[in-house]
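Please keep the sequence and the model open while reading.

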Amino acid sequence: MRIFSTIIITLLLSLPLFFAPKAAAQSVGVVMSGGGAKGLYHIGVLRALEENEIPIDYIAGTSMGSIIGAMYASGYSVEEMEQVALSGDMAKWVSGSIDPKYKYYYMERDKFSSMLTLRFDTSSRADKSKSDRRLHLPISVINTAEIDVALNRFFAQPSAVAEGDFTRLMIPYLCVATDMNAHTAVVLTKGDLARAVRASMALPVAFPPVEIDSVMMCDGGCYDNFPWRSMDEAFHPDILIGACCVEIESELDNDTSVVDQVMSLITMPSDFNMPEGRSVLIQRAVDASTLDFNLADEIMAQGYNDALKAIPQIRELVARRITDEELRERRHTFRSSWSQPHVATIYAEGIEANQQEMVDHVMHMGQRRSEQSELTIERAGENYLTMLSNLSVSSDFPNIRYNPATAKYNMHLQLKTKPNLDVAIGGNISSTAFNQAYVGVKYGWWGRVVQSFSADVLLGPVYTMVRAGGRTELAHRYPLYFDYMYNFNITNTLRGHFGNITPVDNSFQMKVMENFLSLSVGSAFAPKSVADFTLHLGQNGYSYEMADYPRRQYTHFSYLAGALSLERSTLNKPLFPTAGSLLDISAIYVYGRDERDSRGDMIYPDGDDYINMRRQWWGVKLLWEQYFDIIDRGAFSLGYAVEGVFTNHAALDSVEATELSAPQYAPLLHSRMIYMPEFRANYYLGVGIMPTVRIIENLYARLSVYAMWRDRYMGDVMHYMSDFSLIYHTPIGPVSLALTKYDFNTTNNMYLTFNFGYAIFGQKGLFY
């Protein structure tokens, strides 16, 4: 009996020891909702939990919550996530376009900006249905290539450590996607982490769906935007902490964005009623659009402040604490097991055998064969974006998988060739005579080389252009290309109104016709730089008025002209840029013969009046233009430009023909529309300054002031032009209203013009 009593007393005394560890061992699961940019709210919540030593044992998320959750579960710190959110990268990822830095400038230099481009597939492969050969329409609004590369960069290494099991990440994790055919939510706990996250955030219409195990999946928010039940069933946490950034019972109004309207139509109501007594919900209907990533700082602060208010309630439920040192050590231990991010092999499927060599070349762009073993995941991602930007090819989500045998990663690409016929439509709508209608056609294909043929037609009362030709590009460490083109240009200011609101005394009527062949060979030694050699063979015709002649005179100049040029451009817009720079250095040589036959045309005939003379000259040009922010993010930018030209341009048969063929200083759009002899000279130096203020998104006010020094003309060596413009950038082209002034010492020569679209000018036969 005594022994039995001793045992009972011992057990009673030991009860606190049994229950204390159970309380201390409480597991905590954090659930994160979707919401696009609103989901940055979760980063602030995580910061508040960390600062108050609240442990996180499991994480579940949907859509944006899946990205934030996966990053935290993979060992990324709150500081690292904040840095990504504030960098502007996320806004760039969802912009719908690949960063222009990956597009080779030589491919854009001679391309005319258009308002609309239609793509047709003319191929006749047996595996293509009739519908596939028609007009090609995009399967989504937003190109996710930048997102795909970022997700692989973030998650390839932690996914390899976990061996495809998300429960083996630093923190066990799951995310939710939607089976598009079964119309059900799918819980993802295994596989490729980057692909799973990408599926969970594949917002219908906006982003293309993702295939996982032969199932087409899209945004998990469609059927479960707050997966606390999935968390509970998979991990059985003792305590649930929910972070929700959307309206629990949302109602649309007139101010609801298009994206949010679509999401409301395609999503089912989610269950936000977590179990009482063991859960805390941190919730706010964040006042932002799904794509408002520019509000990152404010959104994260809201999550942080809301979580701080909930900390007392969380502490009542969670007895455990995890110190900053313990968390840091846990993160370091997990991340130290990451393998080196080197890509051993790149596999491409979906393309023809003769295209494989080009893909392999681009994916190892700029590297020698001996260096290809050191290709990193980050560099492979950059080359992947370069390939998509410069080849007519698209890709499904690229897989990067770890190969234990080589201790390196393999990259698997599922590629599709794009339609090979492009039809571009554009031009300019103007309050002046400078109206233009443009149609361009381009047909191309690629294999071991890239081959294209194009034709452009531009019609207008002032400027008309027709050109046709082709380009051949060779696979090389640096792209090498050959261009061949026929060009026909007419500039005619004989009639039409150019917007003057005061009398004009410096503009004259003229007509120039250019007819020439162009041959060029060049190389892009950097994505935004190009060096080339160009030959022009042709004839220019100049029409003008001369004293003592009742009829207009015509000078014909037949020539062979060559140019060596080096050009680099990072300008952010083809017209009215606000960021980036342009450098253009060139040297030219012109050899030709000018001819004018005016026999019988003089009022007082004197001799035959027939000129047929050889002419030659050389010249050099330097143009430097740069724009930079005075106030961050383009609210106020300042641009400046310096342009210098020197030639020993030979005198042609008349002063008028000499001026028409001389280099032109035309930094303003309007200055290219009219003929002003004072801004044409054999040599000159021009400088300009262009401050630009952003009034609201896409609406800018821009002041441009230019001064030109040249040899004395009409008694002056200095000549000036300026304009003040209001510019609105629309998706199909800029709208501008400009007040332009030439010569500051008179009230004459002032113009008011309106333009919508892209004013187009072809290359000149004499280059300058």
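Predicted model: local features only at pLDDT ≥ 70, side-chain atom pairs only at ≥ 80, totals over all residues.

Residues are numbered from 1 along each chain as its sequence is written, and side-chain values use heavy atoms, with hydrogens and water left out. Helices (H or I, at least four residues) and strands (E, at least two) are DSSP runs, numbered from the N terminus.

**Helices α7 and α8**

- Helix α7 spans residues 145-161 and helix α8 spans residues 193-200; their axes come within 7 Å and cross at roughly 135 degrees.
- This makes α7 oblique to α8, since angles under 35 degrees count as roughly parallel, over 145 as roughly antiparallel, 65 to 115 as roughly perpendicular and the rest as oblique.
- Axes are lines fitted to C-alpha atoms, for helices over the stretch in contact, and angles run from 0 to 180 degrees between N-to-C directions.
- From α7, Asp148, Leu151, Asn152, Phe155 and Ser159 are in contact with Leu193, Ala194, Val197 and Arg198 of α8 (contact means heavy atoms within 4.5 Å).
- Five nonpolar, two polar and two charged residues make up this contact of α7 with α8.
- In this classing, Ala, Val, Leu, Ile, Met, Phe, Trp, Tyr, Cys and Pro are nonpolar, Asp, Glu, Lys and Arg are charged, and the others, Gly among them, are polar.

**Cavities**

- The model has four cavities of 30 Å³ or more, a cavity being a set of points on a 1 Å grid over the protein atoms alone where a 1.4 Å probe fits but cannot get out.
- The volume of the second largest cavity is about 50 Å³; grid points are joined across faces, edges and corners, and a volume is the space filled by probe spheres set on the points.
- Its lining (residues with an atom within 4 Å of a point) includes Asp148, Asn152 and Ile377.
- Helices α7 and α14 (377-390) each supply at least two residues of that lining.
- The lining of the second largest cavity has six nonpolar residues, two polar and one charged.

- Strands β15 (residues 421-430) and β16 (residues 436-446) pair antiparallel over eight bridges; two strands pair if DSSP finds at least two bridges between them.
- Asp422 lies opposite Lys442 in β16, and five residues separate the two strands of this β15-β16 hairpin.
- Strand β17 (residues 449-459) runs antiparallel to β16, with ten bridges joining them.
- Val441 has Ala455 in β17 as its bridge partner, and a hairpin of two residues joins β16 to β17.

**Strands β23 to β25**

- Strands β23 (residues 580-597) and β24 (residues 610-631) are antiparallel, paired over 18 bridges, with Arg596 opposite Ile611 in β24.
- Twelve bridges pair β24 with strand β25 (residues 636-647) in the antiparallel sense, and Lys621 has Val645 in β25 as its bridge partner.
- The β24-β25 hairpin has four residues between its strands, and Arg633 in the turn has a positive phi of about 65 degrees.

Definitions and conventions:
1 Å grid on protein atoms, 1.4 Å probe; cavity = no way out; pocket = protein on both sides within 12 Å on 5 of 7 lines; lining within 4 Å.
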